[in-house]
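Dear colleague,

I am passing on the structure we spoke of, followed by an account of what was found in it.

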Amino acid sequence: MTNISTSATTPSAARHGPHDAPPPGAASAPGGGRLSDRVAAQLRALIAERGLQPEQRLPAERALALELGVSRTALREAIAQLASQGLLRARAGGGTYVQRPHTPEEQVVAPLQPFLPLLQGDPEYRFDVLETRHALEGATAWHAALRATDADRARIAAAFEAMLQAHAQGDAAAEARADADFHLAIAEAAHNRVLLQVMRGLFDLLQTNISQSRHKLFQSPRTFAPLLAQHRALRDAILAGEPERARDAAHAHLSFVHTALRSLDEDEARRARASRLPSSPNDPRR
C-alpha cells in the first residue's frame with residue numbers, strides 16, 4: 001500500500017504534533033483550500049486503498065492522526081465532513097465506521113432521518129408533507145402532461161387501476177402503495193431529473209403521509225368519492241396532454257386532502273371532548 005502519510009504531512013502538523021489543535025489561521029492547507037477538505041480526500045484514498053467495506057471500522061483516531069500526519073482536530077473535521085456525505089458513521093465511544101454512501105435520493109431526506117420518529121408522532125407533520133407535495137406535484141403534473149411517453153402513460157394508468165383494485169379488495173396497505181406509485185409515475189413522466197430525485201427521496205415521507213391520510217379519508221364515505229374523482233381527473237389531464245388542467249387537478253386534490261383531514265381532526269376532537277362531559281341523570285348510559 002502506498003504510504004500516504006508522507007504527502008499528508010503539513011507544516012502545521014510538524015510544528016504542533018498530531019494531537020494538538022492547529023493555531024488560529026492554520027485551517028488552510030498549503031496551496032489553498034481547507035485543511036479538512038485535504039484530510040477528507042486522504043481518508044477517501046485510505047478507504048479505497050485498504051478496500052474497507054461498509055460496517056468496517058477505521059483505525060483509532062490517535063493512530064489515524066499519526067498515520068496521516070495531521071492534527072486530531074483536522075481529522076475530526078474531515079470525519080464529520082464525510083459523515084455528512086454518508087460515507088462514514090461515528091458511533092459514540094465506539095469508533096468510526098465506513099457506511100454505504102447515500103444514493104442521490106437518500107441524500108435528500110438523510111438530514112431528516114433523526115427527526116422522523118418525532119415528526120411522524122406529530123399530527124401537524126402530515127400537513128408539512130402535504131405542503132411539500134403541493135409545491136412539487138403541481139410542477140410534476142404540468143411537465144408530465146407535456147412530456148409523457150406512451151410507456152409513461154401506461155404506467156400512470158396501471159397505477160390508477162391498481163388503486164381501484166386494492167380499494168375494492170379492502171387492502172389498505174396495497175392501496176397506499178398504489179397511491180404512492182401513481183404519484184411517482186407522474187413524477188417519472190415529467191422527465192425532470194431533479195424533480196424525480198426529490199420525489200423519490202421523499203418516497204418514505206410520502207408513503208407514510210398517504211397511509212396516515214388514507215386511514216382517515218378512505219374510511220369516510222363523504223371523502224372517498226371526491227378523492228377517486230380527483231385522481232381520475234389528474235390521470236385524464238396528463239393522458240390528454242393538458243398541462244394547465246393537470247397542474248390544477250394536482251393542486252385541487254392536495255388542497256382537498258388538506259381540508260378534509262383538518263375537518264376529520266376537528267370532528268374527532270369534538271367527539272373526544274363530548275366523551276369527557278359528565279352524563280345527565282336521564283342519560284340512558286347511566
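Helix H14 (residues 243–276) has 34 residues and spans 50 Å from its first C-alpha to its last, close to the 50 Å expected at 1.5 Å a residue, where the expected span is 1.5 Å times one less than the number of residues. Helices (H or I, at least four residues) and strands (E, at least two) are DSSP runs numbered from the N terminus. The buried residues of H14 include Pro-243, His-253, Leu-264 and Asp-267, buried meaning under 20% relative accessible area with a 1.4 Å probe, protein chains only.

The model is predicted, so that local features need pLDDT of at least 70 and side-chain atom pairs pLDDT 80 or more, while totals for chains, interfaces and linings use all residues. Residues are numbered from 1 along each chain as its sequence is written, and side-chain values use heavy atoms, without hydrogens and water.

The protein chain has 14 helices and 2 strands, and 40% of its 286 residues count as buried.

His-183, which lies in helix H10 (residues 172–189), is buried, with a relative accessible area of 2%.

Helix H4 (residues 61–68) and helix H5 (residues 72–84) pack at an angle of about 105°, their axes being 9 Å apart, and are therefore roughly perpendicular to each other (65 to 115 degrees). Among the residues in contact (heavy atoms within 4.5 Å), Leu-64 and Leu-68 belong to H4, and Leu-75 to H5.

Definitions and conventions: Buried < 20%, exposed > 50% of the residue type's maximum accessible area, 1.4 Å probe, protein only. Axes fitted to C-alpha atoms, helices over the stretch in contact; angles between N-to-C directions. Parallel < 35°, antiparallel > 145°, perpendicular 65-115°, else oblique.
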